[in-house]
Amino acid sequence: MIISFVGNTVPSVFIFPRARFHDSLMFGVPPGSLGLVNSPQSIWITGPLFLKVLEHVKKHTRSSKEDRIILLMNNHESHRNLDSIFCARENGITLVTFPPHCCHRLQPLDVGVMGPFKGKLHVAQHDWMTANPGKVVRIHDLASLTNAVYQASFTADNTTEPFAKLGIWPFSRLAFSDEDYELFLICYAYGKRTS
């Protein structure tokens, strides 16, 4: 999921645990979404998949060296590879990562959108199972279940509010207290020890 401080969103990226991609996995997704596969055992993003995400971001934001964007993200290892850095640099995308163990307090997507999104997705899955007794949610059902929840959660108001709350836009040094900064230092030091 990718949001901007003006309330725009980049269509979702879905990563499926499959060896090969098939269009049926994307039935009912939000328009323009990107479908990727990792491996039959994993839905985690990898460096090569992140390169495809960067291309997706460039396509939908029309970023360039003359019209740059900043991409704020967690510090996952897939975001910190040389190919991604070169790709971003060539396409006018400045990559900014948050310190480890701080995203829950610093990343706009985590602070304001993903919690409500996950709650609504849980309700949608429960409603689907109630309407389909004896059946289980299949991987081919996930995208269409996600679509309505995505539309309800990723509204302009929901995506702009976290940027203001965090003091990113409009900029505010008062968004965090001294105690918050102490907590960030502790989280950062903890992340350094566990990395």
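Buried means under 20% relative accessible area, exposed means over 50%, and partly exposed covers what lies in between. Keep that scale handy for this predicted model, starting with arginine 105: at 26% relative accessibility, it counts as partly exposed.

**Salt bridges**

| Pair | N to O distance |
|---|---|
| Arginine 105 and aspartate 180 | 2.8 Å |
| Glutamate 90 and lysine 65 | 3.6 Å |
| Aspartate 141 and arginine 138 | 3.6 Å |

Take the arginine 105 pair. Arginine 105 sits in helix α3 (residues 103-106) and aspartate 180 in helix α7 (residues 178-194), so this bridge ties together parts 75 residues apart in sequence. Aspartate 180 counts as buried, because its relative accessibility is 14%.

Glutamate 90 is exposed at 52%, while lysine 65 is partly exposed at 45%.

As for the remaining pair, aspartate 141 is buried at 12% relative accessibility, and arginine 138 is partly exposed at 48%.

**Nonpolar cores**

The largest nonpolar core has 15 residues, and those touching the most other members are Ile2, Ile45, Phe50, Val53, Leu54, Leu71 and Ile93. Two or more residues each come from α1 (47-61), β5 (69-73) and α2 (82-90), with α1 giving the largest share, five residues. Beyond its neighbours within four places in sequence, isoleucine 2 contacts Asn8, Thr9, Val10, Val53, Val57 and Leu71. Another core lies apart from this one, with 13 residues including Phe117, Leu121, Phe154 and Phe163.

How values were computed
Residues numbered from 1 in each chain as written. Predicted model: local features only at pLDDT ≥ 70, side-chain atom pairs only at ≥ 80, totals over all residues. Heavy atoms only, no water. Core = buried A, V, L, I, M, F, W, Y, C linked by side-chain atoms within 4.5 Å. Buried < 20%, exposed > 50% of the residue type's maximum accessible area, 1.4 Å probe, protein only. Helix = DSSP H or I, 4+ residues; strand = E, 2+ residues; numbered from the N terminus. Contact = heavy atoms within 4.5 Å. Salt bridge = Lys/Arg side-chain N within 4 Å of Asp/Glu carboxyl O.
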